Amino acid sequence: MYKKILVPMALDHDISQHTLEVARALTAEGGEIVALHVYEMPQGSVSAYLDKDMVAEGFRAANRVLREKTEDLEGIQPEIVKGHTARTIIDYANNNDFDCIVIGSHKPGLSDYFLGSTASRVVRHAGCAVHVHRGI
């Protein structure tokens, strides 16, 4: 059983409830579960076309959605941070002494073998245990 579990959540996917169920099953008595959403800032030339207020509103909207998804879930602490998804999940877990990450994953496609999915990057580089929930 784990004392501190991180559950990354992509707000546009519906597998977060499943990963939270897995996290609950793996949590030791008195343990903590943090639901983390990584807000990726617009990259490259796209950012030149976006107003700062628009980007800030996007972050606020993502924060609202995360809180709505977790508001009725007892014992789940929602957190949102900005950054590159895989790297930020790994850094957040390492910097905050998590002993487990429960992450959802889709069935890998051809592009995943060339580029790698977020879940596979987290599995390869996390400094703690990683449990992967494969979506149906």
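Which residues are linked with Glu57 in a network of salt bridges? Keep that in mind as you open the viewer. This is a predicted model.

**Stop 1: the network**

Select Glu57, Arg60 and Arg64. These residues are linked in a network of salt bridges. Start with Glu57 and Arg60. Their side chains meet in a salt bridge, 3.1 Å from N to O. Now look along helix α2, residues 52–70. Glu57 and Arg60 are 3 residues apart there, so about one helical turn separates them. An α-helix has 3.6 residues a turn, so residues three or four places apart point the same way.

Move on to Arg64. Glu57 forms a salt bridge with Arg64 too, and here the closest N and O atoms are 2.9 Å apart.

Are these side chains buried, partly exposed or exposed? Glu57 has 33% relative accessibility, so it counts as partly exposed. Arg60 is partly exposed at 42%. Arg64 is also partly exposed, at 42%.

**Stop 2: helix α3**

A search of the whole structure finds 3 salt bridges. For another of them, select Asp91 and Arg87. Their closest N and O atoms are 3.0 Å apart. Both residues lie in helix α3, residues 85–95. They are 4 residues apart, about one turn of the helix. Asp91 is partly exposed at 32% relative accessibility. Arg87 is partly exposed at 40%.

Which residues of α3 are buried? Select Thr85, Ala86, Thr88, Ile89, Ile90, Tyr92 and Ala93. Then show what covers them. The cover includes strands β1 (2–8), β2 (27–39), β3 (76–82) and β4 (100–105), along with helix α5 (118–125).

Step past the end of the helix. α3 is followed by Asp97, whose phi is positive, near 55 degrees.

**Stop 3: the sheet**

Colour the strands. What is their order in the open sheet? There are 5 strands, in the order β3-β2-β1-β4-β5, with parallel pairing. Find β3 and β5 (129–134) at the edges. Each has a single partner strand, so one side of each is left without a neighbour in the sheet. Neighbouring strands are turned by 25 degrees against each other on average, direction ignored.

Zoom in on β1 and β4. These strands pair in the parallel sense over 2 bridges. Select Leu6, which stands opposite Ile101 in β4.

Now bring the helices back. Helix α1 (residues 16–26) packs on the sheet and touches β1, β2, β3, β4 and β5. The direction of α1 makes about 150 degrees with that of β2. Show α3 again. This helix lies across β1, β2, β3 and β4, running at about 145 degrees to β2.

**Stop 4: the rings**

The count comes to 2 aromatic pairs. For one of them, select Tyr39 and Phe59. Their ring centres are 5.4 Å apart and their planes stand at 85 degrees, so the pair is edge-to-face. This pair links distant parts of the chain: Tyr39 is in strand β2 and Phe59 is in helix α2, 20 residues apart. Is Tyr39 buried or exposed? Tyr39 counts as buried, at 14% relative accessibility.

The charged end of Lys82 sits over the ring of Phe59, 4.7 Å from its centre. Last, select Lys4 and Phe98. Lys4 lies over the face of Phe98, at 5.0 Å from the ring centre.

Notes. Residues numbered from 1 in each chain as written. Predicted model: local features only at pLDDT ≥ 70, side-chain atom pairs only at ≥ 80, totals over all residues. Heavy atoms only, no water. Salt bridge = Lys/Arg side-chain N within 4 Å of Asp/Glu carboxyl O. Buried < 20%, exposed > 50% of the residue type's maximum accessible area, 1.4 Å probe, protein only. Contact = heavy atoms within 4.5 Å. Phe/Tyr/Trp six-rings, centres within 6.5 Å; stacked < 30°, edge-to-face > 60°. Lys NZ or Arg CZ within 6 Å of the ring centre and 35° of its normal. Pairing = 2+ DSSP bridges. Axes fitted to C-alpha atoms, helices over the stretch in contact; angles between N-to-C directions.
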